[in-house]
Amino acid sequence: MSTHQTTFTSILTTTKTTVKSTFTVFRTQDVVQANQITKKYYTIANDTTKYSDSIQAVFDQAIEDCKTQDVRMVQHALMTFVTHHPEARKRKIKIPSLSRRNPRLSIPAKAVYMAPGPVVGDKPIAPTEDVSGEQFLDYWREDPNLNEHHEHWHIVYTDQPLPDPLCPDDKSKEYIKDRQGELFIYMHRQMNARYIAERLGIGLGVTKPLENYHEIIPECYTPSKHLVDNNDQTTFSARASGLKLADVSFGPGNQITVSEMEKARDLIRKTVEQGHFDDEKKTPITSELLGRAIESGLNQPGFEKYGAPFHNFGHMLLAFINFQNTKELDSGVMGDVRVACRDPAFWRWHRHVDNLFKAYQEKLGPNHFNDCPPVKISSDGIILCFKDKIPCIKGLKDPQQDEEASKWGEQTFGGHHFHKEHGHHSTDVLETKMKQRQFTWVEDDQSSQTIEYLFPREWYYFFRVENTSNKNITLTFRVFIVPAELCNNFTEWIEVDKFKQEVPANCRTVIARDCDRSSVVRQPPQKTLDELDDTAIAAGTADKESDDEQYCDCGWPFHLLLPRGSRNGMKFKLFVFISDWEKDKVPRVTRCGSLSFCGAEKPKDKYPDIRPMGYPFDRPFKDGSFEKTFAGLHNAASRDITIRWVDKYPDWV
C-alpha cells in the first residue's frame, strides 16, 4: 500500500473526536461548506511549484482541518477530492470500503426468521413492535455493500455545484455532472424497483408511497445498538411506530417545516401539470431540470421559486422525527447517507419522490420506436445457462473464459442449432441463496456475529440475433427483468445489463454475456469475502499513473444483482431490447464502474447514452400494456423465467 493511500485511509479511519458531527449531505449549507473545503484541496493539489508532493500536502491540510472543523465534513470533502481530482485518480488513491473505515456502521441487524407463511424459517419469532413485516427484509436493507453504494453515489454526484478540479477559483467553471438530476431519479427508482421485488418475494405488497405528510407512519425502525460511528461515537435514535412528520428547528432562522415541504411538492406538481417551469421564460420541463428541482432545488437565476430541496427536506424531517418528543436524542438513520437505506421509511419516501417524476413521464405518452435497427431476436433467442453447466470454462479467468463461452455458445445454440430447442444446458430457473460471513467485534471482545447476505448462482446469457442488413452494425443490448405481476408498470422494470456488440452483415450469430459484467454492477464485481469487505481493486498498489478503466468504485453490488425470489419460485419476465448504437452513442463497455448508475468517470464527461435513462422503460405503455407496446418489434423479445431461493447450489467463486 502506498504512503498516500495509508495516510488517506488513516484520516478516514483513525481520526477521533469527542464532538459529534452534525454534517449531512441532505442539508444544503453543509454540502456547500464541504465543497469549499474540497476547493481548497484542489488548489493545494494544483500547486506543484510550492509543494514537492502536492497530494501529501492535501492530506496534511486535511489532518489540520480535522482539529478545528466538523470531522465528517472534512472527510466527505476529502473523499470528494480523491474521487474527482485527476492527480489523485492517477495515483490509484481509493476510498476504503465502509466496513473498513467505519466497521460499526456496517453492522446489519441480526437475522430474523419468519414464522410459517410465504417464507418458512427454522426459528419462530417473538412478537415485535413492528407488525408490518419489514423486519424480514433487514437482510437486504441493511446490507453493508448496498448502503455503501448509496453513500458513494452521493459522493460522485454531489447535489451542489463543484469547483473545476484544475481551475477551482474560476466560478464560471463550477459544474453539476451531466444529467445528474435525471440520474438521481433513475438510480433511486432502480433501487426501489429491486426493493419491491424483494417485498413480493416474501408476500408483502408494493411499497406504499409516503405522500400524506399528516398521517401516522405505522412502520417503525430500531437500529442495532451497536450501530455507532467509530470516529465520534454518534448513535442513531429509533423511530417508533405511530409518529407523524413535524416541524424541526435547529436554531434561530434554521428550521424545516412540513408546510414548506408541502409547498415545494405542490410547486413540482403544478410544474408537471402545466408542462413548464414557473419562471419568467416558462422554461420547458426536462428530465434533468425536474430531477434536480426534486432532489435539492434549483439554485440558479430565474428559478428562485424552486430553491427548496424537496427530497432532502423529507430525509431531514424523518431523521429528526423524534425531536417533537425530546431534543436529547440523536437523529435517526435517515439523516446519514451511510445508513439511510436501513430505514423502511427511506423506501416509502423515495417511492413518493419517484411518483412526482413519473407523473411527468406519463404526460409524454408512449415511445414510438421508429428508429429500430435491422435485427431480429425472438423469445427462444434468449437463453440462460449456469456457469457450472458450461464444461469448457471451468477453471478459466477472463478474457479466456469469455472467449471459450462465446465459442461454446455458437457451437451449442448457433449454426444449424439456431432455431432448435435450447437443450439440457439451458435453464428457465435462476437461483439465489443466502450465504454467511462472520463479523468480528474488533474494538470489543473479539466475539463474532454471523451475517447473512444474498448471492446469485452465476450464469451466462446467450442471445440468438440475426442481422438482416447487408452491412455490419453495432448494437446496444438492453436487458431488464420484472416481477411478472408488475410487468405493465413501466417504472418497475429492473435493469440488469446494457452493452455494445457488433454483428456481421447478413448473419445469424450467438452473443455470449457473463452476468458479472453487468452495466449496473460495480466493476470488477465483488464476490469473495475479502472483496465484499474491501475495495474491489487493491488500493494504492503503486504511486504511478493508471488507466481510467482500471479505476472504479461506483456501482450496484454484484451479490444483489438478482432479487432473492421465493422458495417456490417467483415468476419474472426477462426482456431484451436492441437499439442502434450509432444513435445511442454508448461507448465500449469496459470492466470499470457502473455505466448505468455512475455514468461518465471524468467530472465533465457526458453520460454515455443519449437515450433517456431506463429506455425503453422511460415512458408509459400503450394502453397500459407491456405486450401491446412491444408487439411486432423484431428488435425486442421477452421470455418468462423463475427466480428460486434455494439452500444450496454449486458455487462458482
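Which residues of H10 are buried? I looked them up: Val258, Met261, Glu262, Ala264, Arg265, Leu267, Ile268, Thr271 and Val272. Buried means under 20% relative accessible area, exposed over 50%, partly exposed in between (1.4 Å probe, protein chains only).

I kept in mind that this is a predicted model, where local features need pLDDT of at least 70, side-chain atom pairs count only at pLDDT 80 or more, and totals for chains, interfaces and linings use all residues. Residues are numbered from 1 along each chain as its sequence is written, and side-chain values use heavy atoms, with hydrogens and water left out.

Next I looked up the partners of H10. Its buried residues pack against strand S2 (255–256) and helices H11 (287–295), H12 (310–319) and H13 (344–364). Helices (H or I, at least four residues) and strands (E, at least two) are DSSP runs, numbered from the N terminus. Contact means heavy atoms within 4.5 Å. Just after H10, I noted Gly275 with a positive phi of about 85°.

Then I turned to rings. My search of the whole structure gave 47 aromatic pairs. Trp459 and Tyr461 have ring centres 5.7 Å apart and planes at 80°, so they are edge-to-face. Rings of Phe, Tyr and Trp (its six-membered ring) pair if their centres lie within 6.5 Å; planes under 30 degrees apart count as stacked, over 60 as edge-to-face and the rest as tilted. Trp459 is buried at 1% relative accessible area, and Tyr461 is buried at 2%.

Last, charges. I found Lys500 over the face of Trp581, 4.2 Å from the ring centre. The criterion is NZ of Lys or CZ of Arg within 6 Å of the ring centre and within 35 degrees of the ring normal.
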